[in-house]
Amino acid sequence: MQLAMIGLGRMGANIVRRLMRDGHECVVYDANPKAAEPLASEGAVAVKSLAELKERLQKPRAAWVMVPAGEITEGTVEELGSLFEKDDVIIDGGNTFWKDDIRRAKKLKPKGVHYLDVGTSGGIWGLDRGYCMMIGGDKPVVDRLDPIFRTLAPGLGNIPRTPNREKRDARAEMGYVHAGPTGAGHFVKMVHNGIEYGLMQAYAEGFDILHHADSKELPEAHRFELNLPDIAEVWRRGSVISSWLLDLTASAFAADEKLEGFEGHVEDSGEGRWTVFAAVEEAVPATVLTSALYTRFRSRESESFAEKLLSAMRKGFGGHHEAKVD
């Protein structure tokens with residue numbers, strides 16, 4: 001199948017590579033022409049403008065936008081919308097606010113251009129691990145592009161199958177799901193990221209307690225000098241709190257036990273905030289997720305071991321390097 005990719009950063013480029021590995025044809029564009037050169041050498045068709053991109057695609061066209069959320073995505077979707085024709089598809093795979101998806105789809109509808117919002121999780125590891133995708137949009141359009149999503153998804157892998165799922169959508173087991181109408185994909189991905197904040201914070205606080213187990217504030221008989229790399233490693237194996245985040249934590253400790261390469265300043269991508277806003281709108285208590293978000297705000301004023309670990313995990317799964325500032 002043919003797909004255009006707009007935005008050739010860490011995730012966009014690897015999505016293209018994973019698709020080409022499975023025989024799909026990719027047309028690629030980036031505002032920085034040099035970003036397309038490695039992919040062109042690997043078999044992609046590189047173009048110099050969105051107008052040229054349109055001409056290189058077969059009808060009905062499909063273009064995946066993977067650029068930073070906000071004005072850049074807005075401008076790209078608007079330009080594509082002016083170029084594309086009836087039954088063409090624009091896919092936004094970035095971290096867009098779900099209400100913007102609904103607005104954009106409504107604006108494109110009179111022209112007959114379809115819009116899908118695809119919450120994409122997998123970070124810098126997706127080329128080999130695959131991408132977990134949460135898709136919003138009209139079912140016929142999602143079904144038409146299923147070969148693309150099936151290639152990008154992780155597949156069954158070695159995860160034990162969940163009992164009693166025989167009559168449910170098999171795509172979820174493969175690592176992708178049609179979450180609902182326009183906006184639903186990014187809404188589900190938004191909450192996914194909100195939960196991610198909470199899980200990361202729980203690990204960070206737990207290891208911070210272990211880190212301070214030899215505090216001089218404690219009676220000497222109650223102090224422990226604990227090996228955090230070994231504790232992280234043993235928890236990965238058979239523990240009820242094992243997870244990919246814990247895998248990344250163990251890797252971070254193995255490389256830098258005291259996390260001296262991290263400052264403890266932790267950014268937020270915006271989706272944690274949007275999750276809290278949604279909780280407020282729905283009158284749903286979200287104390288853990290809200291607290292985790294506020295902790296990131298606090299980390300920008302002072303640092304602690306917990307924030308260093310949060311920063312290390314972000315580097316592990318997303319390549320977000322928040323370097324120590326001297």
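Predicted model: local features only at pLDDT ≥ 70, side-chain atom pairs only at ≥ 80, totals over all residues.

I started with the secondary structure: the chain has 15 helices and eight strands.

Next I looked up the overall dimensions. Along its principal axes, the C-alpha trace spans about 75 × 45 × 40 Å. I then checked the radius of gyration, which is 22 Å; a compact globule of 326 residues would have one near 20 Å, so the chain agrees with that expectation.

How much of the chain is buried? I get 48% of the 326 residues. For the accessible surface I have about 16700 Å², with 55% of that belonging to carbon and sulfur atoms.

Contacts came after that. Taking those with a separation of 6 or more, I find that 68% join residues 24 or more positions apart.

I also looked at the charges. The chain carries 41 positive and 49 negative ones, and their mean positions lie 5 Å apart.

Then I went to the start of the chain. Strand β1 covers residues 2-6 and pairs with β2 in the parallel sense, over five bridges. I picked out one partner pair: Gln-2 is bridged to Glu-25 in β2. Strand β2 itself runs over residues 25-29 and is mostly covered, with four of its five residues buried.

Where is a cis peptide bond? I found one joining Lys-59 and Pro-60, with omega at about -10°. Pro-60 sits in the loop between α3 (50-56) and β4 (62-65).

For positive phi, I noted Asp-87, a residue other than glycine with phi near 80°. Asp-87 belongs to the loop between α4 (71-83) and β5 (89-92). Is Asp-87 buried, exposed or partly exposed? Its relative accessibility is 32%, which falls between the 20% and 50% cut-offs, so I logged Asp-87 as partly exposed.

Leu-259 went on the list as well: its phi is near 55°, again a positive value in a residue other than glycine. I traced Leu-259 to the loop between α12 (244-255) and α13 (271-282). Its relative accessible area is 0%, so Leu-259 counts as buried.

How values were computed
Residues numbered from 1 in each chain as written. Heavy atoms only, no water. Helix = DSSP H or I, 4+ residues; strand = E, 2+ residues; numbered from the N terminus. Rg over C-alpha atoms; globule rule 2.2 N^0.38 Å. Buried < 20%, exposed > 50% of the residue type's maximum accessible area, 1.4 Å probe, protein only. Contact = heavy atoms within 4.5 Å. Areas by Shrake-Rupley, 256 points an atom, 1.4 Å probe, with all protein chains shown as cover. Lys, Arg positive; Asp, Glu negative; His and termini not counted. Charge placed at Lys NZ, Arg CZ, Asp CG, Glu CD. Pairing = 2+ DSSP bridges.
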